[in-house]
Amino acid sequence: MVNYRISDLMTCAIADMLQDGETVFHGVSSQMPMVAMHLARHLHAPNLVHLNIPGGVNPSSIKQSSYSSAGADLVEAGESYFPLDQIFDLSMRGKLDVAFLGGVQFDINGNVNASVIGEYNKPKVRLPGGAGSAVLIPTAKKAIIWRTKHDPRTFVEKVDFVTTRGNLWKIVTPLCVFVFKDGKLQLDSIHPHTTMEEVQKQTGFRLIYDEIRYTNEPTTKQLQLLKQIDPYDYRSTEF
């Protein structure tokens, strides 16, 4: 039996979503997607184009990458420079295949809240806001969100504020993978360590699914490579 952690499983699940030849972008505080992109390039997607928020293209290494996944090291280790303003232009022109973006609250209709918890004028918590998400989620071909917390306050029937909506592709959590299909957030797969009952208990809306599928466990080769490309375990930073 292969031993792995949830951060390993999520990273490998994200890497498996990426295809060879795609142009993929990650922003700030995106250690897990950054590692997943690097893993995919080493295994099944050697022609994947890795773009990041400081402007690096295809960094040769992420071993010394700063904690924010937005350090100059990603540019210095890159093949070339592609600034952030050009990322937005690329996405608007339909040339950005995948964008990794974040959020704090999500609902069954695919709405994403990264702005406030509670009423907008008198919020319980004021969040950072949409930043690039408001542009990239609607315009990238596929938007993937990862979230290291899965509970009824995160996945709700209706978000407190709509920062951006629609065009989500998948959301990866410690319990499952959601896919946005037919205008609804639906269950794509549950992770091997959990159950349907637990996923439903931790989700604030009724789960929609056509069949119960399980997320692939990390392979021995994936885990070995993760230790090589991410020796400082950046993929687990958010846990």
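Where is the place of serine 29? I located serine 29 in the loop between β1 (23-26) and α2 (31-43).

**Basis of the entries.** I worked from a predicted model, in which local features need pLDDT of at least 70, side-chain atom pairs count only at pLDDT 80 or more, and totals for chains, interfaces and linings use all residues. Residues are numbered from 1 along each chain as its sequence is written, and side-chain values use heavy atoms, with hydrogens and water left out. Helices (H or I, at least four residues) and strands (E, at least two) are DSSP runs, numbered from the N terminus.

**Entry on serine 29.** I looked up the backbone and found phi of serine 29 near 50 degrees, a positive value in a residue other than glycine. Most residues other than glycine have a negative phi. Serine 29 is partly exposed, with a relative accessible area of 42%; buried means under 20%, exposed over 50%, and partly exposed in between (1.4 Å probe, protein chains only).

**Entry on β14 and β15.** I then turned to aspartate 182, in the loop between β14 (176-181) and β15 (184-190). This hairpin has two residues between the strands, and aspartate 182 takes a positive phi near 55 degrees there. Aspartate 182 counts as exposed, at 70% relative accessibility. In β15, by contrast, six of the seven residues are buried. I noted that β14 and β15 pair in the antiparallel sense over six bridges; two strands pair if DSSP finds at least two bridges between them. Valine 177 has serine 189 of β15 as its bridge partner.

**Entry on the four-stranded sheet.** I followed an open sheet with the order β11-β6-β7-β12 and mixed pairing. Which strands stand at the edges? They are β11 (155-156) and β12 (164-165), each with a single partner strand, so one side of each is left without a neighbour in the sheet. Strand β7 (residues 111-113) runs antiparallel to β12 and is joined to β12 by two bridges. Valine 112 has threonine 164 of β12 as its bridge partner.

**Entry on α1 and α7.** I recorded that helix α1 (residues 6-17) and helix α7 (residues 220-229) pack at an angle of about 105 degrees, with their axes 11 Å apart. Axes are lines fitted to C-alpha atoms, for helices over the stretch in contact, and angles run from 0 to 180 degrees between N-to-C directions. The angle makes α1 roughly perpendicular to α7, a term for 65 to 115 degrees. The contact (heavy atoms within 4.5 Å) is made by Asp8, Thr11, Cys12 and Asp16 of α1 and Gln222, Leu223 and Leu226 of α7.

How values were computed: Angles under 35 degrees count as roughly parallel, over 145 as roughly antiparallel, 65 to 115 as roughly perpendicular and the rest as oblique.
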